[in-house]
Amino acid sequence: MSRQHIPLKDITIGIKGWTAKVIVEAKGMSRSSQRSPVKYQRMILRDSEGTKVQATIFESDIDKFSDVLTLYKTYYISNAVVKSILPQHRIAKNDYQWHINSKTVVEEVTEEYSSISVPTYNFVSFSEFSKYINSDAYVDIIVVVIHAYPPREIPTVNGPQKIQELLLVDQELIPKILTMWDQFIENECAAIVKNIKTKPIIAAYRIRIVSFNDGSMSTKGSSTFVINPDIPEATKLRSWCIDNKGELEQLTLKKSYVGSSSSAIKAPPSHEIIEQTTFWLQAKISILHSNQKYWYIACNKCYRRTNIDYKQTFDCVHCAEKQSTAMPRCLLEVQLSDKTSALIATLFGENAEKFICCSAETLMQNSTEVFHISNLFYLFISKKIGIISLL
């Protein structure tokens, strides 16, 4: 039967005896924290007014709630722990988060009294990716997985990291790569690979678009996945798969993706590889995408991206530096080319500012004039010659 409940917007720290009626809008798999072995599982809950809250379950409580809090089902929840949440950790527009533990009461709402609609999503097609490349925005996608490449280790500024790439297509029959990082390989990716022969449909939320290969995808810590989701968009995509089975088989056999270029640098034979870490080359530098954002807000100590507001001080979770300041940092995706070949590169910080003769702060302050700035840069930079050190 129906129970009394209050809106999520009214649930704050110190409120006692509340009950909320919510639908599970998104739910990730359990994973471990970056800085400790503590296991957690995160989800997004929404009420009938559209207000959302981020909820997390820890350690042994994950198993307790494994058979409840099912995606797209509605529940009465009471006695969760309400805590404030720092802006850089928010994935829902709410100043508060919930910790669901063994004392939290969760009761499924029968269909008769379930008045909260199943969420609708604004899925982005591959042809729209250029608007999001290297921006702070995240996108939601619904796609078919046609191939999984083996996991491999790559060098990064934080040391070696493991990745696994998936080959995806949407209804435009454009193949693109999604790079899964770290624990996504052991959890979500492993589940996808088990079903790869059936060409599973995945709904992926909060995915970042990067410039590599003309707009490929990458997971972030807050990304979530649903395999073969029970939503209308997935049903429509499955029908499309059946109608285009032949084309999908051809793409699978090729195991290639759009964006590779015959002008791209190919790996030389092993006996020709020079054991050296620094190279100098003279090349023409051109902007790959004139609609780039050109800057991002970063920690002024480690330069990692942050969601903290400009000039605000904060404790950086990446470098553990106290009283870091959020400052703009320049970032440019460019192509280096000479008479022999071309390669894609990224310019950061002072090097990028020197190249475009403009500071990151100036770029940020004029970010509302993206079209004007982009075209001005493009005219200036497309003819510029530079000498580059590759480390």
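User: What does buried mean, and which value places Phe184 in that class in this predicted model?

Analyst: A residue is called buried when its relative accessible area is under 20%. The model considered here is predicted. Phe184 counts as buried because its relative accessibility is 5%.

User: How many aromatic pairs are there, and how is the pair of Phe184 and Phe225 classed?

Analyst: The count of aromatic pairs comes to six. In the pair of Phe184 and Phe225, the ring centres are 5.8 Å apart and the planes stand at 70°. Planes over 60 degrees apart count as edge-to-face. The pair of Phe184 and Phe225 is therefore edge-to-face.

User: What span should helix H2 have, and how far apart are its end C-alpha atoms?

Analyst: Helix H2 covers residues 183-194, which makes 12 residues. At 1.5 Å a residue, the helix should span 16 Å. The distance between its end C-alpha atoms agrees with this, at 16 Å.

User: Which residues of H2 are buried, and which strands do they pack against?

Analyst: The buried residues of H2 are Phe184, Ile185, Asn187, Glu188, Cys189 and Ile192. Their packing partners are strands S2 (31-32), S9 (139-148), S11 (161-169), S12 (176-181), S13 (201-210) and S15 (224-227).

User: How do strands S19 and S20 run, and which residue does Glu333 stand opposite?

Analyst: Strand S19 (residues 324-337) and strand S20 (residues 342-348) run antiparallel and are joined by seven bridges. Together they form a hairpin, with four residues between them. Within this arrangement, the residue in S20 that stands opposite Glu333 is Thr346.

User: Over which ring does the charged end of Arg329 sit, and over which that of Arg3?

Analyst: The charged end of Arg329 is 4.2 Å from the centre of the ring over which it sits, that of Tyr303.

User: How many disulfides are found, and how far is the nearest cysteine sulfur from Cys330?

Analyst: A search of the whole structure finds zero disulfides. Cys330 is accordingly in no disulfide. A disulfide would need sulfur atoms within 2.5 Å, whereas the nearest cysteine sulfur to Cys330, that of Cys358, is at 7.4 Å.

User: Is Cys330 buried or exposed, and what is the class of Cys241?

Analyst: Cys330 has a relative accessible area of 0%, so it is buried. Cys241 has a relative accessibility of 7%, and therefore it too counts as buried.

User: Where is Thr56 found, and which residues is it in contact with beyond its neighbours within four places in sequence?

Analyst: Thr56 is found in strand S4, residues 52-58. Its relative accessible area is 5%, so Thr56 is buried. Leaving aside neighbours within four places in sequence, its contacts are Tyr40, Gln41, Arg42, Gln97, Trp98, His99 and Ile100.

User: How many helices and strands does the chain have, and what percentage of its residues count as buried?

Analyst: The chain has eight helices and 21 strands. Among contacts between residues at least 6 apart in sequence, 63% join residues at least 24 apart. Of the 391 residues of the chain, the share that counts as buried is 44%.

Note on methods
Residues are numbered from 1 along each chain as its sequence is written. This is a predicted model: local features need pLDDT of at least 70, side-chain atom pairs count only at pLDDT 80 or more; totals for chains, interfaces and linings use all residues. Side-chain values use heavy atoms; hydrogens and water are left out. Helices (H or I, at least four residues) and strands (E, at least two) are DSSP runs, numbered from the N terminus. The expected span of a helix is 1.5 Å times one less than its number of residues. Buried means under 20% relative accessible area, exposed over 50%, partly exposed in between (1.4 Å probe, protein chains only). Contact means heavy atoms within 4.5 Å. Two strands pair if DSSP finds at least two bridges between them. Rings of Phe, Tyr and Trp (its six-membered ring) pair if their centres lie within 6.5 Å; planes under 30 degrees apart count as stacked, over 60 as edge-to-face and the rest as tilted. A charge sits over a ring if NZ of Lys or CZ of Arg is within 6 Å of the ring centre and within 35 degrees of the ring normal.
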